[in-house]
Amino acid sequence: MVVDSKINSVVVLAGGVGAARFLRGLALVHDKQATTALVNTGDDTILHGLNISPDIDTVIYTLGEAIDAQRGWGLSDETWRAMESLKRYVDVRPTGSIAAPEWFNLGDKDLATHFYRTARRSEGADASQITSEIARAWKVAQRIVPMTNSDVSTVVELAQDCQAGKAGTQISFQEYFVKYQHSIAVRAIYFQGAETAKPNCINELNQADVIVIAPSNPIVSIGPIRALAGVDEVLTANRDKVVAISPIIGGHALKGPADRMLTELGHESSALGVARLYKNITSTLIIDTVDADLKDAIEREGMRCIVTNTVMSGQKISGELAQTTLDSIAR
Ligand code: GDP
Ligand code: CA
């Protein structure tokens with residue numbers, strides 16, 4: 001594969017796993033130093049008093065060749081002794097205390113990242129600075145940037161009474177995703193703090209040659225980035241150079257709750273549903289070959305549609321998808 005000389009800077013709007021895989025493919029066909037990942041931080045949480053940024057860590061660990069590929073999150077060759085040792089405290093924890101949470105696994109090696117992030121925050125460093133330090137520690141050459149330096153929290157509202165609470169109760173994204181394994185129905189999603197948070201990389205978006213919306217959850221990974229003031233306007237103004245890859249294949253997410261979330265929130269769980277969500281901000285949508293029959297309907301929504309293999313099961317296919325993505329704008 002050849003590096004495209006017409007394209008210099010590429011900005012990728014990123015969630016976790018799907019985006020990380022795409023970025024790894026992009027590294028095969030495009031200059032890493034000219035690549036910026038603008039990453040969702042709506043999933044961020046505090047546990048054990050530690051600041052945890054799941055999507056940023058997934059992207060950095062993947063690009064640092066350290067991700068546990070089977071699990072899809074965390075580090076390879078991980079051990080869990082700190083987690084096991086937590087059990088000792090569960091019996092003495094007073095009712096109502098959130099100390100010693102056992103529902104969110106943090107590996108021993110992974111803890112070091114959260115220690116570092118938390119310590120640097122308490123020293124007053126901002127999220128961009130801390131993220132660039134962590135990326136540097138993992139020898140990641142791409143620029144990895146949190147979507148904002150402010151705290152924005154994705155909150156989900158329960159659609160019906162369930163183990164997590166009564167209908168209408170709002171719970172944090174990680175409780176929804178990890179504690180209840182996204183098996184409960186939701187009726188609304190909020191991005192607390194998004195209206196007043198200043199987005200990062202607005203200039204980079206304006207100046208980019210290509211803006212990629214990675215195959216990430218449109219609602220809870222791309223949604224928080226779009227919710228920041230001004231981001232959708234910048235994407236709309238640069239729509240001609242925005243290309244998205246559908247995370248929905250054959251009506252389903254490869255992993256996670258994107259499909260049921262789309263349906264529960266009144267969208268269609270299909271590449272066409274993704275097209276409708278993105279049509280104001282995207283000129284091109286890349287969909288999987290299994291969805292080829294949706295191409296005409298997607299183009300009737302007013303965007304170009306490219307059909308190719310999008311399941312990034314290995315490096316080769318990720319690289320080819322990245323090349324197709326760049327070519328779709330640089331024609
Ligand atoms: P998370 O934050 O780790 O949950 O990951 P994302 O925000 O990236 O969202 C997961 C979405 O990525 C799911 O809807 C998956 O279908 C999608 N995804 C993951 N891997 C791939 C892939 O190889 N190809 C495509 N097209 N989508 C993918
Ligand atoms: Ca995520």
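**Exercise 1.** Which residues of H11 are buried?

*Solution.* This is a predicted model, in which local features need pLDDT of at least 70, side-chain atom pairs count only at pLDDT 80 or more, and totals for chains, interfaces and linings use all residues. Residues are numbered from 1 along each chain as its sequence is written, chains are lettered from A and ligands numbered from 1 in the order in which they are written, and side-chain values use heavy atoms, with hydrogens and water left out.

Step 1: take buried as under 20% relative accessible area, exposed as over 50% and partly exposed as in between, with a 1.4 Å probe and protein chains only; helices (H or I, at least four residues) and strands (E, at least two) are DSSP runs, numbered from the N terminus.

Step 2: helix H11 spans residues 271-278, and six of its eight residues are buried, namely Ala271, Leu272, Gly273, Val274, Ala275 and Tyr278.

Step 3: the elements covering these buried residues include strand S9 (210-213), helix H8 (222-227) and helix H12 (295-300).

**Exercise 2.** Identify the protein donors of the calcium ion (ligand 2).

*Solution.* Step 1: donors are N, O and S atoms within 2.8 Å of the metal (3.2 Å for Na, K and Ca), and since water is not among the atoms, sites may look incomplete.

Step 1: the donors are one OD entry from Asp43 and two from Asp55, lying 2.2 to 2.8 Å from the ion. Aspartate 43 sits in the loop between strand S2 (35-39) and S3, and aspartate 55, twelve residues apart from it, in helix H2 (residues 54-63).

Step 2: both aspartate 43 and aspartate 55 are buried.

**Exercise 3.** Work out the strand order of the open sheet that contains S6, S7 and S8.

*Solution.* Step 1: two strands pair if DSSP finds at least two bridges between them; three bridges join strand S6 (residues 153-158) to S7.

Step 1: the order is S7-S6-S8, with antiparallel pairing, and the edge strands are S7 (170-172) and S8 (186-192).

Conventions:
Contact = heavy atoms within 4.5 Å.
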